[in-house]
Structure formats: C-alpha cells, structure tokens
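Trainee: Hi, I'm new to this one. Could we walk through it together?

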Amino acid sequence: MDKRAFKNFITKRSSIWTISLCMTGILVLGGIAAVDKTRRAKDEQQETEMGQVAYLEEEITESPDDIEESLFPTLAEGETEDIAQASGNIAVEDGTLQEQENGLDNMAAAGEGLIAGDSLKEKDGLATEDEEDSVGVAASAGDGEEAGEAAEEASADHVISEQVLLEQGIDFTEEDSLVWPSAGTILIDYSMDGSVYFPTLNQYKYNPALIIGSETGNQVLSSAKGIVESVTVDEETGTTVVVNIGNGYKLTYGQLKELAVGEGDVVEAGALIGYVSEPTKYYSTEGSNLYFAMTHDGTAVDPVLFLE
C-alpha cells in the first residue's frame with residue numbers, strides 16, 4: 001500500500017471515530033440531563049410534601065377551643081336572646097294550638113255522642129218519655145186512629161220496638177196461623193233447600209216467598225195483625241209492603257197497587273192492604289200474582305207452615 005492510499009485510509013477511519021465519539025458524547029450528555037431532570041422533579045415533590053406535612057402539623061397544634069370556634073362561631077349575646085325568645089313564642093303557640101285542637105276534638109266527640117244518642121232514641125221505642133206517653137194515651141183512649149198515629153211515630157226509620165207491638169196487642173207466635181192473603185193458587189212454591197224454575201227468567205234459583213197466581217184487581221188482605229213497617233217500590237216485586245207482626249216475624253206483600261195502608265198504620269188480620277197489580281217484567285210469563293214472603297229475625301220462613 002502506497003503512502004497516499006494509507007493516508008486516505010487513516011483519514012476515513014479518523015472521521016468515523018470522530019463521529020462515533022461525538023454521538024457517544026451526545027448520548028451521555030442527554031442521559032445526564034434526563035437523570036438530573038428526574039432528580040430535580042423528585043426533590044421538588046419531596047419539598048411540596050414536606051410543606052404540606054408542616055402545614056397540617058401547624059393546624060393540628062391549634063387548641064380544641066380554637067377548632068370548635070372556627071367550626072361553630074359563637075353567637076352574639078343579643079342573637080342568643082332573640083333565638084331563645086323565638087323558641088319560647090313557638091312553644092307557647094304550639095301549646096295554644098294543641099289546646100284548640102283538644103277543644104275541637106272534645107266538641108266533635110260530644111257532637112257525635114249527641115247524634116248517636118238521638119239516633120238510638122229515634123230507633124228505640126222505649127227511649128223517650130214522649131213516645132211512652134203517646135202510646136199510653138192511645139191505649140187508654142182506645143181510639144184506633146190515635147193508636148195508629150202513635151205507632152207511626154214509634155216506627156221511625158222502619159224500626160218498631162217490641163213494647164210498641166205489645167201495646168198494640170201484636171204478638172205473633174209459632175202456634176198462631178196466617179190468613180190467606182189473596183184468592184188464587186201457588187204458581188211457584190217457597191224453596192230455600194233447592195232451586196225452582198222461574199219461567200220468565202228461564203232459570204232455576206232459590207225462592208224465599210210464595211208466588212200466588214191471582215187476577216189483577218183482587219184484594220190483598222193482611223194475614224195477621226201488625227204494624228206497617230215500610231212501603232217501597234222494588235224493580236222485581238213492584239209496590240211492596242212489609243208488616244211487622246211481632247216476636248221477630250214479618251210479612252212482605254209484593255206486586256200491589258192502590259194501597260189502603262201507609263207506614264206506621266196498625267192493620268188487623270183480614271184488613272185490606274191493597275190490590276193485585278199487573279206483574280213486573282220479572283213475572284211477565286207467570287202473569288199477575290201476589291209476592292208473599294215471611295221472615296223470622298231476618299231469615300226466610302215457609303209461609304205455608306202457618307197458613308190456614
């Protein structure tokens with residue numbers, strides 16, 4: 001190798017080494033800078049944490065009274081008195097309202113008691129001296145019209161006392177019998193043990209009464225002595241009369257018209273009550289009839305057991 005070639009070779013190698021050394025120096029300096037930056041950031045973080053700890057320690061060293069004062073500031077004396085006075089006023093108002101509510105409750109209770117007492121007196125034939133006097137006068141006078149008026153007063157709200165019934169001589173028992181209420185034959189018999197067929201309704205059902213076929217206009221007579229307890233109009237039985245005959249027994253007459261009695265009237269056995277009316281839509285197929293039912297203490301009874 002000649003000198004020139006060797007010189008060129010050395011020059012190229014020197015350049016390569018120079019570049020390599022420069023690159024290495026740059027990398028080393030960059031690493032040092034990164035490490036220094038990381039160390040500085042860590043130092044700053046430690047200083048911040050130490051500052052926060054010192055601040056917390058300073059806050060903790062405050063006395064409990066100072067902390068309480070900071071959390072719950074003390075009210076001025078005037079403000080305390082104002083609050084106390086307001087509390088007292090509220091307490092007084094509450095007491096006044098409570099007393100007023102108690103007074104209203106007592107008045108309501110007293111009113112309910114008076115209303116309940118009046119209702120009981122109206123429903124109980126033994127409750128008032130006026131009723132007893134009216135019944136006594138009617139009985140002693142023996143005047144049928146006055147007796148009927150007394151019975152009507154005593155039968156308020158469709159309730160008749162046993163004493164009023166006894167005063168009028170109304171005392172039906174199991175040994176007594178009933179007068180047939182109207183001329184005719186039984187179309188549908190009483191049946192509470194099994195269902196019977198109703199032609200108009202085209203169905204079988206229980207029947208708590210006698211359906212007595214009778215011509216329109218036939219008389220309907222009272223089957224026993226009693227007091228007319230109610231006169232109503234029912235969709236099924238039409239104009240209907242209920243007669244209390246004593247000892248829990250009641251008779252119901254339905255499908256009536258042109259009544260001869262009113263509520264509170266005393267009716268004798270065999271007396272006219274009204275007339276058989278045209279049948280309601282529930283008995284259009286059966287035709288005109290008398291609906292005749294009997295109950296004892298609200299339970300249906302077969303009238304045939306008592307009819308003569």
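Trainee: What do the side chains of K205 and E236 do where they meet?

Mentor: K205 and E236 form a salt bridge, at 3.8 Å from N to O. The term means a side-chain nitrogen of Lys or Arg within 4 Å of a carboxyl oxygen of Asp or Glu. One caution at the start: this is a predicted model, where local features need pLDDT of at least 70 and side-chain atom pairs count only at pLDDT 80 or more, while totals for chains, interfaces and linings use all residues. Residues are numbered from 1 along each chain as its sequence is written, and side-chain values use heavy atoms, with hydrogens and water left out.

Trainee: How many salt bridges does the count come to?

Mentor: The count is 5. Among them is the one between K225 and E268, at 3.5 Å from N to O. K225 lies in the loop between β5 (219-221) and β6, and E268 in the loop between β9 (266-267) and β10, so this pair ties together parts 43 residues apart in sequence.

Trainee: What else does E268 touch?

Mentor: Not counting residues up to four places away in sequence, E268 touches S222, A224 and K225. Contact here means heavy atoms within 4.5 Å. E268 and A224 are 44 residues apart in sequence, yet 6.5 Å apart in space, C-alpha to C-alpha. E268 counts as partly exposed because its relative accessibility is 43%.

Trainee: Which salt bridge involves E278?

Mentor: E278 meets K257, at 3.8 Å from N to O. E278 lies in the loop between β10 and β11 and K257 in strand β8, so that pair ties together parts 21 residues apart in sequence.

Trainee: Switching topic: which residues touch the most other members of the largest nonpolar core?

Mentor: F172, L178, I245, L251, Y253, F292 and M294 do, out of 25 residues in that core. A nonpolar core is a set of buried Ala, Val, Leu, Ile, Met, Phe, Trp, Tyr and Cys residues joined through side-chain atoms within 4.5 Å. Strands β4 (209-213), β7 (238-246), β8 (249-257), β10 (272-276) and β11 (289-296) each supply at least two of its residues. The largest share, 4 residues, comes from β8.

Trainee: What is M294 in contact with?

Mentor: Leaving aside neighbours within four places in sequence, its contacts include F172, L178, L251, V301 and F306. There is also a second, separate core of 8 residues, including I188, F198, Y283 and A293.

Trainee: Which residues form a nonpolar patch on the surface?

Mentor: I19, M23 and I26 do, with about 320 Å² of accessible area together. Patches are made of residues with over 30% relative accessible area and no salt bridge, with like charges joined within 9 Å and nonpolar side chains (Val, Leu, Ile, Met, Phe, Trp, Tyr) within 5 Å. Accessible areas come from the Shrake-Rupley method with a 1.4 Å probe, and for residues only the protein chains shown count as cover. M23 is in helix α1 (residues 3-60), and M23 counts as partly exposed because its relative accessibility is 48%.

Trainee: How many helices and strands are there in the protein chain?

Mentor: The chain has 6 helices and 12 strands. Of its 308 residues, 27% are buried.

Trainee: Last one: what pLDDT does the protein chain average?

Mentor: The average is 75, and 61% of the residues score at least 70. pLDDT is the predictor's confidence in each residue, from 0 to 100. Over residues 107-148 it is below 50, and beyond near neighbours in sequence this stretch has 30 contacts in the model. Residues 150-157 are below 50 as well, with 18 such contacts. Where pLDDT is low, the predicted coordinates should not be read in detail.

Methods:
Buried means under 20% relative accessible area, exposed over 50%, partly exposed in between (1.4 Å probe, protein chains only).
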